[in-house]
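The questions below ask how the terms used for a structure follow from its values. Each answer sets a value beside its definition and then concludes.

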Amino acid sequence: FKQKTAYEIGVRLVGSEMCIRDSFWHVEEVFSKTTGVKSTQVGYIGGDVENPTYEQVCTDRTGHAEAIEIEYEPDEISYKDLLKIFFENHNPTTPNRQGPDIGIQYRSAIFCHDVEQEELAKEVKDKLNPIAKERFGNEIVTEIKSSVPFYRAEEYHQKYFEKNGLH
């Protein structure tokens, strides 16, 4: 039994190596190397336009955020462990921002496929909040929502680090 879950983190590449480490490409790289993760793809989620392009999402007008969708094997990795990896690999305390990048496409959010996922996401967020407050000086602002359509990003965004030798 395979499950898919989409994670939305709002960061995009703007040309510097520093930003690359924080981009949705970086997060895809992290999850793709995680035991139990069967596949990943980057895309857009949470907006008002069907099949948005990267250029449209970057205008901050579609309501989408850059995201990663993860297919995983629950017998090999738990949803809770995926949540921990998600929170450990970005700053979840900055609304609509990651690093120097600002805009709604950079928000931190988790889109849940059922009530059980939603409850567990809230539980993990609540447990990590005191740690985040100490580390970043702010509370976690990650949105936890019901799943909505995920639109696969253009092919040049898929497995970007792997294709460009940036491991």
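Q: What makes Glu123 partly exposed, and where does Glu123 lie?
A: Glu123 lies in helix α5, where helices (H or I, at least four residues) and strands (E, at least two) are DSSP runs numbered from the N terminus. Buried means under 20% relative accessible area, exposed over 50%, and partly exposed in between, with a 1.4 Å probe and protein chains only; Glu123 has 33% relative accessibility and therefore counts as partly exposed. Glu123 and Lys80 are 43 residues apart in sequence, while their C-alpha atoms are 9.4 Å apart in space.

Q: What kind of model is this, and which residues and atoms count?
A: This is a predicted model, in which local features need pLDDT of at least 70 and side-chain atom pairs count only at pLDDT 80 or more, whereas totals for chains, interfaces and linings use all residues. Residues are numbered from 1 along each chain as its sequence is written, and side-chain values use heavy atoms, with hydrogens and water left out.

Q: How many helices and strands does the protein have, and how much of the protein is buried?
A: The protein has 6 helices and 8 strands, and buried residues make up 49% of its 167 residues.

Q: Why is α4 called oblique to α5?
A: The axes of α4 and α5, which are lines fitted to C-alpha atoms over the stretch in contact, with angles from 0 to 180 degrees between N-to-C directions, come within 10 Å and cross at roughly 45 degrees. Angles under 35 degrees count as roughly parallel, over 145 as roughly antiparallel, 65 to 115 as roughly perpendicular and the rest as oblique, which makes α4 oblique to α5. Contact means heavy atoms within 4.5 Å, and the residues that make it include Tyr79, Lys80, Leu83 and Phe87 of α4, and Glu123 of α5.

Q: What makes the pair of Phe86 and Phe87 edge-to-face?
A: Rings of Phe, Tyr and Trp (its six-membered ring) pair if their centres lie within 6.5 Å, and planes under 30 degrees apart count as stacked, over 60 as edge-to-face and the rest as tilted. A search of the whole structure finds 1 aromatic pair: the ring centres of Phe86 and Phe87 are 5.1 Å apart and their planes stand at 70 degrees, so the pair is edge-to-face.

Q: How do you know whether Phe86 and Phe87 are buried or exposed?
A: Phe86 has 1% relative accessibility and so counts as buried, and Phe87, with a relative accessible area of 6%, is buried as well.

Q: Why is α2 called mostly covered?
A: In α2, 7 of the 9 residues are buried, among them Trp25, His26 and Phe31.

Q: What makes a set of residues a nonpolar core, and which residues have the most contacts inside the largest one?
A: A nonpolar core is a set of buried Ala, Val, Leu, Ile, Met, Phe, Trp, Tyr and Cys residues joined through side-chain atoms within 4.5 Å. The largest has 20 residues, and those with the most contacts inside it are Phe31, Tyr79, Ile110 and Ala121. The largest share of this core, 6 residues, comes from α4.

Q: How do you know whether Asp60 is buried, exposed or partly exposed?
A: Asp60 has a relative accessible area of 33%, so it is partly exposed. Asp60 is found in the loop between α3 (54-57) and β3, and its phi is near 70 degrees, a positive value in a residue other than glycine.
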